[in-house]
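Please walk through the fold of this protein, from its overall make-up down to single residue pairs.

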Amino acid sequence: NKNLKLYIVGKIVEENYYQELLDIISKYKLENQVEFIPFLSNPYPLVKRVDALVSMSESEGLPGVVIESLILNTPTICTNSSIGIWEIMNNKDSYNKNLDVIVEVDKGIIIPNPTKVIECNMVENIKKSIDLILDNNERYKSNRFKFLDSVSDESIHSFYKILKEIM
């Protein structure tokens, strides 16, 4: 869709990664649809304005940007980077660290982790997810952010295990 714009926000530390992004943008002829924004002191107006936020973390402890996006009632697409993502996104299913399909949840979509899929599948997963959100935007925006009513035993054990390792 030529009317879509992708904003990549944040400092890109690794030059190789930046070049990979540029190569992908070039490969898919997206030069006019992607804008790099290295730093925003207040990203909230942008997050509130966009149709969806995409978080591509491979691993995430506390996904602050996902939580902020949901609080701002912005539909969110995020990778399967942690059990916390499943709980924050109100997924009622058991956590599946080997997720290989797109999962629609109340506030957005969880996609397989980048380490689990090859580049073309990742791009296709993101495209399908964006299409789902654009086609059902009111559904996602009408599901106000809330945490699950209960926390799973698995989450509590995982959290306890992490605490023991830290201490």
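A residue counts as buried when its relative accessible area is under 20%, as exposed when it is over 50%, and as partly exposed in between. By that cut-off, 31% of the 167 residues of the protein are buried. The model is a predicted one. The protein exposes about 10900 Å² in total, and carbon and sulfur atoms supply 54% of this area.

Next comes the secondary structure. The chain forms seven helices and six strands. Read from the N terminus, the elements follow the order β-α-β-α-β-α-β-α-β-β-α-α-α. Among the contacts in the protein with a separation of 6 or more, 57% are between residues 24 or more positions apart.

Strand S3 and strand S4 (residues 76–79) run parallel and are joined by three bridges. Within this pairing, Ser55 has Cys78 in S4 as its bridge partner.

The structure contains two aromatic pairs. One of them is formed by Tyr18 and Phe36, whose rings lie 5.2 Å apart centre to centre, with 65 degrees between the planes. Why is this pair called edge-to-face? Planes over 60 degrees apart count as edge-to-face, and the angle here is 65 degrees. Tyr18 belongs to helix H1 (residues 15–27) and Phe36 to strand S2 (residues 34–37), so the pair ties together parts that are 18 residues apart in sequence. Tyr18 has 29% relative accessibility and therefore counts as partly exposed. Phe36, at 26% relative accessibility, also counts as partly exposed.

Trp86 and Tyr95 form an edge-to-face pair as well, because their ring planes stand at 85 degrees, with the centres 5.7 Å apart. Are the two partners buried or partly exposed? Trp86 counts as buried, with a relative accessibility of 3%, whereas Tyr95 counts as partly exposed at 26%.

Methods: Residues numbered from 1 in each chain as written. Predicted model: local features only at pLDDT ≥ 70, side-chain atom pairs only at ≥ 80, totals over all residues. Heavy atoms only, no water. Helix = DSSP H or I, 4+ residues; strand = E, 2+ residues; numbered from the N terminus. Buried < 20%, exposed > 50% of the residue type's maximum accessible area, 1.4 Å probe, protein only. Contact = heavy atoms within 4.5 Å. Areas by Shrake-Rupley, 256 points an atom, 1.4 Å probe, with all protein chains shown as cover. Phe/Tyr/Trp six-rings, centres within 6.5 Å; stacked < 30°, edge-to-face > 60°. Pairing = 2+ DSSP bridges.
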